[in-house]
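Please look over the model below with attention to how its chains meet.

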Amino acid sequence: MDIKKYIASGILEHYVLGLASEEEQKEVEMYISAYPEIKTELEAIEVAMEQYAQLQGMDTPPDIDAKINSQIDALQKSKPKDSGKNDSSTFGGWGMTLLLGGMLLATSWWALSNNQKAAEEAGKFSTLSTQFETLQSDCDETSKENEVLKDKIRILQDPDNQVIKLSEAQDKYPDVLASIFFNKATQKSYLRANALPDIPSDRVLQLWAIVDGKPTDMGLVEVSTNSDDLIEIPFIENAAAFAITVETGKNTAPNLDELVVIGNVTS
Amino acid sequence: MSINISNTEKEIVAYLEKGDRRAIDIAYKNYGRALYGIILRVVKSGEVAEEILQDVFVKIWINAESYNRSKGRLFTWMSNIARNASIDSIRTARSKREQKTTSIDNPVYENIGGNEEMNVKDFALQKVINSLDEKHRILIDYTYFQGYSQREIEKELGIPLGTVKSRLRLAINQLREKLNDDQIRNLLVSIVLFLSLSLAQSQGLF
């Protein structure tokens, strides 16, 4: 368990803001009882949000507290009430309080003026750390995207690749296009949906391979149209053609009336 | 104010555990404004917010035993009740009529005003808010004060779902920094004020 990484993930902030899923909540609750560092961090986040909320507080309309109390009264008529408000804090000894307070403040002033430089440095340091964290997270995102792009290029540039163009099968679905990158050397194949039709939400696109003259189910095409994503699909060595149809659900045999694109494997 | 937070909280929790109604009185005094602020920013109507504020305190009373100290601070629990009640209310209202698009960028700051204490707070708030990066402030406000879900943030701000968490952490880190800065500054101001007063006194100016 990498505590620093866990904290940096932002999950604690989500927990405080009530954005965490039930599972995440349970996980956080388990970790805060197990790791004091996580508990401390959580507290700090909670205090900050509480202060922010207090600063942004709004004056409440009058008599709300009375209304709340009468609502609660109505809820528990049977139960004995004890809402005594005997909050008699003493305001005596003001002079002493002031004197002591003065001494305390003078001492703090002394300490603070000595420490001010250190505090300034600490402030700079913490600003820099936040900036660093921001840059780090931007950098992480960029390198993740970069990895994905590099993968794509690697797949596309492989000289063993065979590109199979799946084109318009009937007038019903005009201007459609998909491609399959078929690589016998690596035994992998990928689908790219260059332009597939928008289909109603109760329909699916299903991919088929024609093997020995028979259609074989290759699964649903879970990709948004016009996407340049490369989706890995099952590799079928002796496929003679590929096709995509519109189905009402994942089917065992293709609905040929709804053929969208088709393309032959040239050997 | 912040020094007393933990004591107030302990007091309220102790009363809640005993089923003592003073819990609600103290909680209302200390957190009523903050919770009302959250509710008002979500529902954007004083009338609705007033109703919800009452419900929230009744809920706090009824569900007192579901609050568990080891799971977090009291205010976090209460603010979640307030936010959820507010979101429920606008969802119900939304399903009843087509919701008109409201600008969420400028919540009701201008309503703040009035007595002296308010203006001091207003000033402190403005300072904290002004010092936050705009994108960070919006992210915090969307989630904390508007009750946006991760998906809604993704849609509204164009932040990928995967990075909402880390962005929010950065935003709250910045807020934490600013709040701390601000406390140091306030402390210094009050010390200087005190010293000049006592100096004046010692020189027989009073």
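**A glutamate at the interface**

Q: With which side chain does the side chain of A:Glu46 make a polar contact?
A: In this predicted model, local features need pLDDT of at least 70 and side-chain atom pairs pLDDT 80 or more, while totals for chains, interfaces and linings use all residues. Residues are numbered from 1 along each chain, chains are lettered from A in the order written, and side-chain values use heavy atoms, without hydrogens and water. A polar contact is a pair of N or O atoms within 3.5 Å, where within protein one must be able to donate a hydrogen and the other to accept it, and residues adjacent in sequence count only if both atoms are side-chain atoms. At 2.4 Å, the partner of A:Glu46 is the side chain of B:Thr76.

Q: How many salt bridges are counted between chain B and chain A?
A: One salt bridge joins B:Arg176 to A:Glu41, with the closest N and O atoms 2.7 Å apart. The count between chain B and chain A is 13.

Q: How many residues of chain A are in contact with chain B?
A: Taking contact as heavy atoms within 4.5 Å, 77 residues of chain B meet a set in chain A that numbers 67 residues.

Definitions and conventions: Salt bridge = Lys/Arg side-chain N within 4 Å of Asp/Glu carboxyl O.
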